[in-house]
Amino acid sequence: MTDNKLVLAYIGNGKSANRYHIPFVLQRSDKFAVKTIFSPHIHHDIWDRLDGVYYTERPEDVFEDPEIDLVVVSTQVGLHYEYTKRALESGKHCLCEKPFMETKAQAREIFGLAEKKGLYCSAYQNRRYDSDFLTVQKVIESGKLGELLEMEMHYDYYRPEVPERADSFSPSSSYLYGHGCHTLDQVISCFGEPDRIRYDVRQLLGQGRMNDYFDIDMYYKNVKVSVKSSYFRVKSRPRFVVYGKKGMFVKETEDRQEEHLKLFYMPGQPGFGLDEPKHYGLLTYYDGDGGFHEEKVPSVPGDYGRVYDDIYECIVNGKQPVIKPSQTLLQMEMLEEGVKDLD
């Protein structure tokens with residue numbers, strides 16, 4: 001550490017690092033300092049360079065630098081295992097983008113290596129800090145819905161050109177791996193391991209094409225949680241619909257951090273990631289006296305940077321990780337199971 005700051009290096013200099021990681025780290029300059037960014041084609045990358053950061057095409061400049069405390073792997077998934085393992089073997093803590101690994105076996109090996117070396121290692125599950133998801137948790141915890149019965153989560157697109165131009169199938173680049181890693185982690189973080197799971201994962205354009213649809217039901221005693229997603233939804237379904245014995249909550253729109261980041265509107269700027277009243281969810285319920293209520297629920301602010309806050313607390317202050325290896329292993333198992341019959 002330098003001046004009580006964790007010194008960071010990034011593996012990969014693309015959209016993931018520059019849109020979903022670094023802007024939030026720069027807001028935490030009292031805790032983190034970015035020293036090095038490695039990419040094999042760094043001189044051809046399109047992203048603006050950060051002042052005071054060393055850009056390199058030599059991975060040794062990351063792994064052999066004793067000042068670097070934490071390596072963030074933000075490459076395509078096929079390189080996650082290699083670079084995460086090298087970071088840990090070099091004695092460095094590691095944060096790896098999602099999907100964490102290609103298989104549960106790889107993930108188990110990586111977590112075992114981290115434990116053996118006494119190092120922090122986790123997946124970058126920033127979607128735990130989506131505004132819509134945090135707001136749903138707030139509503140559930142309020143008790144106004146009564147006993148929880150069912151929750152539907154939708155992650156929809158209308159991008160037919162994406163599956164239409166694919167002519168092969170790869171599990172690690174499937175739609176379930178790429179997008180289920182968001183929503184499945186949200187469910188696991190909130191409800192834990194399901195009692196049973198039903199998978200409906202498809203290649204709508206036929207065998208030998210990409211996976212472009214999934215519908216997964218997870219059962220927890222009396223509660224059913226459904227995660228649904230497709231590339232062929234001309235109009236998206238509500239992001240969340242939650243049902244209880246006394247009421248229901250509908251959140252139509254998703255967290256706005258990604259929307260703003262795509263416009264290069266960054267953390268720290270006024271209104272970043274915040275919902276307007278028109279985005280608020282609708283809570284409808286009966287109270288204990290039988291009175292009917294329908295009210296807008298102001299959204300809880302989201303903040304992807306809270307992943308980094310958790311990391312700092314773990315490494316520097318010895319707190320337990322919020323994103324637990326057991327949760328990531330369960331998610332990897334579900335991803336593998338979901339695509340096992342596709343080809």
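Before I start, a word on conventions: the model is predicted, local features are reported at pLDDT of at least 70, side-chain atom pairs count only at pLDDT 80 or more, and totals for chains, interfaces and linings use all residues. Residues are numbered from 1 along each chain as its sequence is written, and side-chain values use heavy atoms, with hydrogens and water left out.

Let me begin with the chain as a whole. Its secondary structure comes to 10 helices and 14 strands, where helices (H or I, at least four residues) and strands (E, at least two) are DSSP runs numbered from the N terminus. The C-alpha atoms fill a box of roughly 65 × 50 × 40 Å along the principal axes. The radius of gyration, taken over C-alpha atoms, is compared here with a globule rule of 2.2 Å times the number of residues to the power 0.38. For 343 residues a compact globule would have a value near 20 Å, and the 21 Å of the chain agrees with that.

How much of the chain is buried? Of the 343 residues, 55% count as buried, and in this talk buried means under 20% relative accessible area, exposed means over 50%, and partly exposed lies in between, with a 1.4 Å probe and protein chains only. The accessible surface comes to about 15,700 Å², of which 47% belongs to carbon and sulfur atoms; these areas come from the Shrake-Rupley method with a 1.4 Å probe, and for residues only the protein chains shown count as cover.

As for contacts, meaning heavy atoms within 4.5 Å, if we take those between residues at least 6 apart in sequence, 71% join residues at least 24 apart.

Turning to charge, the chain has 44 positive and 55 negative side chains, and the centres of the two sets lie 2 Å apart. Here Lys and Arg count as positive and Asp and Glu as negative, while His and the chain ends are not counted; the place of a charge is NZ of Lys, CZ of Arg, CG of Asp or CD of Glu.

A search of the whole structure finds 29 salt bridges, each being a side-chain nitrogen of Lys or Arg within 4 Å of a carboxyl oxygen of Asp or Glu. I will show three of them. In one, glutamate 337 and lysine 340 meet at 2.9 Å, N to O; glutamate 337 is partly exposed at 34%, and lysine 340 is exposed at 52%. Salt bridges that share partners also join Arg198, Asp215, Asp217, Lys224 and Lys228 into one network. In another pair, glutamate 259 and arginine 256 come to 3.3 Å, N to O, and here arginine 256 is buried at 9% relative accessible area, whereas glutamate 259 is partly exposed at 39%. Lysine 278 and glutamate 276 have their closest N and O atoms 4.0 Å apart, with lysine 278 exposed at 63% and glutamate 276 partly exposed at 36%.

Tyrosine 219 lies in strand S9 and counts as buried because its relative accessibility is 18%. Which residues does tyrosine 219 touch, leaving aside those up to four places away in sequence? They are Pro194, Asp195, Arg196, Arg198 and Lys224, and the C-alpha atoms of tyrosine 219 and proline 194, although 25 residues apart along the chain, are separated by 5.5 Å.

Glutamine 203 sits in the loop between strand S8 (196–202) and strand S9 (213–220), and this residue is buried, with a relative accessible area of 14%. Beyond residues up to four places away in sequence, glutamine 203 touches several others, including Phe169, Met210, Leu342 and Asp343.

The peptide bond from lysine 98 to proline 99 is cis, with omega near -5 degrees, and proline 99 is found in the loop between strand S5 (93–96) and helix H4 (104–117). Lysine 221, in the loop between S9 and strand S10 (223–230), has a positive phi near 50 degrees without being a glycine, and it is exposed at 79%. Asparagine 4, in the segment before strand S1 (6–11), has a positive phi of about 65 degrees although it is not a glycine, and it counts as exposed at 57%.
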